[in-house]
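Dear colleague,

Please find the structure below, handed over for your own work.

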Amino acid sequence: EKKGSLTRHEFKCWATHAMGCRPHKYEVAGLLDEEGRISYEAASAFLADRTRDVGEAATDKAIFDAMDVDARGSLTLDSVRRVFEEVSPGISPEVVEEAFRELDVGRSGIISYQHFLWLSHVARGEPS
């Protein structure tokens, strides 16, 4: 037994219990040291990153769902305008429209969930 590290199996069991799902084998392989073990520090950092990612994704999804008032799976100018009228009536419809058009880079009239996620990552300064 080596103190301060976990075997691949121990890590997978621990991570599965902590996250509720198994880590991908490539994620595990990237954490292994030359002896095939994972340090407690690397395991803790992995879990902290995964927990943060899950929390941000849940927040992003909640915001998107709140703005997708028609439950279409995409945002339209009309749905965004309705949300801002209710939540921030002080923001003029012209400002909302201008912002939407700026974000609708494909000029399709919709912002998909994938595009919304990309925008939220860019806004947080994360690599896209």
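A residue is called buried here when its relative accessible area is under 20%, exposed when the value is over 50%, and partly exposed in between. Phe46, with a relative accessible area of 10%, is therefore buried. Please note that the model is predicted.

Aromatic rings

A pair of aromatic rings is described by the distance of the centres and the angle of the planes. Searching the whole structure gives 4 aromatic pairs. In one of them, the ring centres of Phe11 and Trp14 are 5.9 Å apart and the planes stand at 45°, so this pair is tilted. Both residues belong to helix H1 (residues 8-19), where a spacing of 3 residues separates Phe11 from Trp14 by about one helical turn. Phe11 is buried, its relative accessible area being 0%, whereas Trp14 is partly exposed because its relative accessibility is 32%.

Phe11 also pairs with Phe46: the centres of these two rings are 5.4 Å apart and the planes lie at 70°, so the arrangement is edge-to-face. This pair connects distant parts of the chain, since Phe11 is in helix H1 and Phe46 is in helix H3 (residues 40-67), 35 residues apart. Through such ring pairs, Phe11, Trp14 and Phe46 are linked into a cluster.

A charge over a ring

Where does the charged end of Lys61 sit? The charged end of Lys61 is placed over the ring of Tyr113, at 4.9 Å from the centre of that ring.

Ser74 is part of strand S3 (residues 74-76). With a relative accessible area of 11%, Ser74 counts as buried. Leaving aside residues up to four places away in sequence, Ser74 is in contact with Phe64, Asp68, Ile110, Ile111 and Ser112.

Val83 is located in helix H4 (residues 77-87). The relative accessible area of Val83 is 15%, so Val83 is buried as well. Not counting residues up to four places away in sequence, the contacts of Val83 are Ala66, Met67, Val69 and Ser88. For Val83 and Val69, the separation in sequence is 14 residues, and the C-alpha to C-alpha distance is 7.8 Å.

With kind regards

Methods
Residues numbered from 1 in each chain as written. Predicted model: local features only at pLDDT ≥ 70, side-chain atom pairs only at ≥ 80, totals over all residues. Heavy atoms only, no water. Helix = DSSP H or I, 4+ residues; strand = E, 2+ residues; numbered from the N terminus. Buried < 20%, exposed > 50% of the residue type's maximum accessible area, 1.4 Å probe, protein only. Contact = heavy atoms within 4.5 Å. Phe/Tyr/Trp six-rings, centres within 6.5 Å; stacked < 30°, edge-to-face > 60°. Lys NZ or Arg CZ within 6 Å of the ring centre and 35° of its normal.
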